[in-house]
Amino acid sequence: MVGFIYTHCPDICSFITANVGKVYEEINNPGNTQFALVTFDPERDTPEVLKDYARAFEMDREPFHFLTAEPDVIEEFMQRVSVRSQESYSREFEDGERMYFLNHSDKILLIDQNSRLIFDYGGSMTPVSMIVEDLEKL
Amino acid sequence: MNKLIATAFLVIIAFVFGCSQDEEITEREFVLPDDGIEIADAWARPGRENGVSAIYMHVLNGSAEIDTLLALSSPSAGLVELHETFDRGEGMMGMRESEEPYFPDKSVVTMRPGGMHIMLMQLNEALNRGDEVEVTLTFALAGDITVTAPVQSPND
């Protein structure tokens, strides 16, 4: 199960994240399922930032994996899974720091062990029960 | 008499969650205040230090006039703004600063996931489940209203 996020997203991505966590809590036999959240903002979402983010959601534990990579690797991966993102607008703070926000796909995927796409969901608003039901059918 | 009528003024809002394949609709009933603005059911999502968070709530305007949100502040964040998430089409979601911070008379405006929300930026400290975060909404007519929002997981 793979969700796609960036940690500076205040709204949608927190629900994608929470949905992945909730599916794990509700599924009966999660032993064979891997739960991953992959950032499409690798410049800011360093491993340390992802770790802090996971901790805030109480998901800094197995079986959850918060993943990042070099920007070119992330870009190629996002193309393969049809996840798009683009800068929408930015804010500049008094200390000179610039914070930008992204328009992005809202997506959770179920991928099998042969890298085949099984299900493609709207990530933030899809009922967890629907994903659980699909997983248990597999 | 007007006060009695205002007190009895009920607003029912239907909330729709989920996609078209499996919609879950719940209703929430509100009693508007006799006058001015009250806030109901405020909560915040978790966030990491230096990161961002969002606060959701129902804004109940019981007055006979439209009110306007002029400013937002929080001791927990360097910058606080009213934002809205919107569907850009083709599966893309966007976010922008809300251009309509208006709260109609005798109405409830809901800040909800995937819609209007109060955005906290540059968090002074991590917001974990069980914490509380304070935010002050400054309205043109109702003045300052300070709300304490519990931090919850989005699926609580």
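## Basis of the model

Helices (H or I, at least four residues) and strands (E, at least two) are DSSP runs, numbered from the N terminus. This is a predicted model, in which local features need pLDDT of at least 70 and side-chain atom pairs count only at pLDDT 80 or more, while totals for chains, interfaces and linings use all residues. Residues are numbered from 1 along each chain as its sequence is written, chains are lettered from A and ligands numbered from 1 in the order in which they are written, and side-chain values use heavy atoms, with hydrogens and water left out.

## Helix α2 of chain A

After α2(A) comes A:Glu58, which has a positive phi near 55°.

## A:Phe66

Leaving aside neighbours within four places in sequence, A:Phe66 is in contact (heavy atoms within 4.5 Å) with A:Ile5, A:Thr17, A:Leu37, A:Leu50, A:Tyr53, A:Ala54 and A:Met59.

## Chain B

Chain B contains one helix and 12 strands, and buried residues make up 48% of its 156 residues. Among the contacts in chain B with a separation of 6 or more, 62% are between residues 24 or more positions apart.

Notes: Buried < 20%, exposed > 50% of the residue type's maximum accessible area, 1.4 Å probe, protein only.
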